[in-house]
Amino acid sequence: MTLPLLSIPMRHFLEVARSGSVNQAAARLFVASSAVSRQIAKLEDSLGTPLFERHARGMALTAAGERLAAHLRNAQIDIEQVVEQVRDLGGQSARRIRMACTEGFAGHFMPLVMRSFESANPGCQLELHVGSPDGVSALLARGETDIALKYVVAPEPGLKIEHSVTAPVYAVLRPDHPLARQRVVSVADAVRYPLAVGDKGVTARQLFDQACSLQGLQYHALFVSNFSSVLLPLLRTPDVMLSGLVTVMHLIDDGTVVARPFAEAPLQQRQLQVLALEGRTLPSLAQDFVRHLVAAIASAGRRKLGRAQASGATKKKISPGR
């Protein structure tokens, strides 16, 4: 439960900052839109600076508004942490960890991490929200999650890096694919085959497109989706799928696919990061989870990339439920 310890103008300001809309903020606050507008105007007048830019499609924070929103979000999180600590002393332990990740980690990796952590910390409550890369960052910025796991290609303001490791893009292939016999593949190799790629908001696709542009290469994507769980069951020889290693490591382990690194530098420049909100100190249990997550990431990074098979060898079918 969030306690109403902030003033009315501040609460109204935060709701508009979260939603980007006076009407949506009013609906969440159960007040009239005119009341929200009056409180925002009152706050801006008292501070002597505009906090929002008004557009036809909504409200966008100014630089002053961004700074105030970040401070208030951290203050609200700190208040909630103190309330949980007080409940702990009263025997009402919350022991909750809120996490967010992008889809590639949700199908196999994060459930294993969550189960093993819960086994070592019985009584904890683990919440996982799965979203787009931008959506995951937005949850952190709004204080709606404690920890985020995602691929990153550029620093993100307002977010603190708890852990970062290089996470190249791989060509994922069936073991009998001709490219599976190579230790490294080139972008020029890959575009000769049917491609299964993420949409343009997915980092693997962005880096692959950049590498193609630098070499003047073009390709036709056979399958496109923002969900790897859609692409994996579609993978057949001679298809090539773009993916991170963590997403497919369980399929490599059972011999269903192999992964091969790309030779081009742009495809080596992605980072896998564990993120928190800048200026916030995570509770001790959440810090324990970060250490557990980092250990699991390190273990995944030591996995083998799979062995090629001769063409015509028996093919395993990728179950849609994997």
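## Confidence in the model

The chain as a whole has a mean of 88, and 90% of its residues reach 70 or more.

This is a predicted model: local features need pLDDT of at least 70, side-chain atom pairs count only at pLDDT 80 or more, and totals for chains, interfaces and linings use all residues. Residues are numbered from 1 along each chain as its sequence is written, and side-chain values use heavy atoms, leaving out hydrogens and water.

## The chain as a whole

The protein chain has 12 helices and 12 strands. Both are DSSP runs numbered from the N terminus: helices are H or I with at least four residues, strands are E with at least two.

Of the 322 residues, 46% are buried. Buried means under 20% relative accessible area, exposed means over 50%, and partly exposed lies in between (1.4 Å probe, protein chains only). A contact means heavy atoms within 4.5 Å. Among contacts between residues at least 6 apart in sequence, 76% join residues at least 24 apart.

Strands pair if DSSP finds at least two bridges between them.

β6 pairs with β12 (residues 271–277) in the antiparallel sense, over seven bridges. Thr166 stands opposite Gln271 in β12.

## Where α6 meets α12

The axes of α6 and α12 come within 10 Å and cross at roughly 130°. Axes are lines fitted to C-alpha atoms, for helices over the stretch in contact, and angles run from 0 to 180 degrees between N-to-C directions. The two helices are therefore oblique to each other. Under 35 degrees counts as roughly parallel, over 145 as roughly antiparallel, 65 to 115 as roughly perpendicular, and the rest as oblique.

Residues that meet here include Phe109 and Phe117 in α6, and Leu285 and Ile297 in α12.

His108 lies in the loop between α5 (103–106) and α6. Its relative accessibility is 24%, so His108 counts as partly exposed. The C-alpha atoms of His108 and Val248 are 8.6 Å apart, though 140 residues separate them along the chain.

## The sheet with β7

A second open sheet of five strands has the order β9-β8-β10-β7-β11, again with mixed pairing. Its edge strands, β9 (221–224) and β11 (258–261), each pair on one side only. Neighbouring strands are turned by 30° against each other on average, direction ignored.

β7 and β10 (residues 240–243) run antiparallel and are joined by three bridges. Tyr170 stands opposite Ser243 in β10. Helix α9 (residues 203–215) packs on this sheet, touching β8 (195–197), β9 and β10.

Conventions. pLDDT = per-residue confidence, 0-100.
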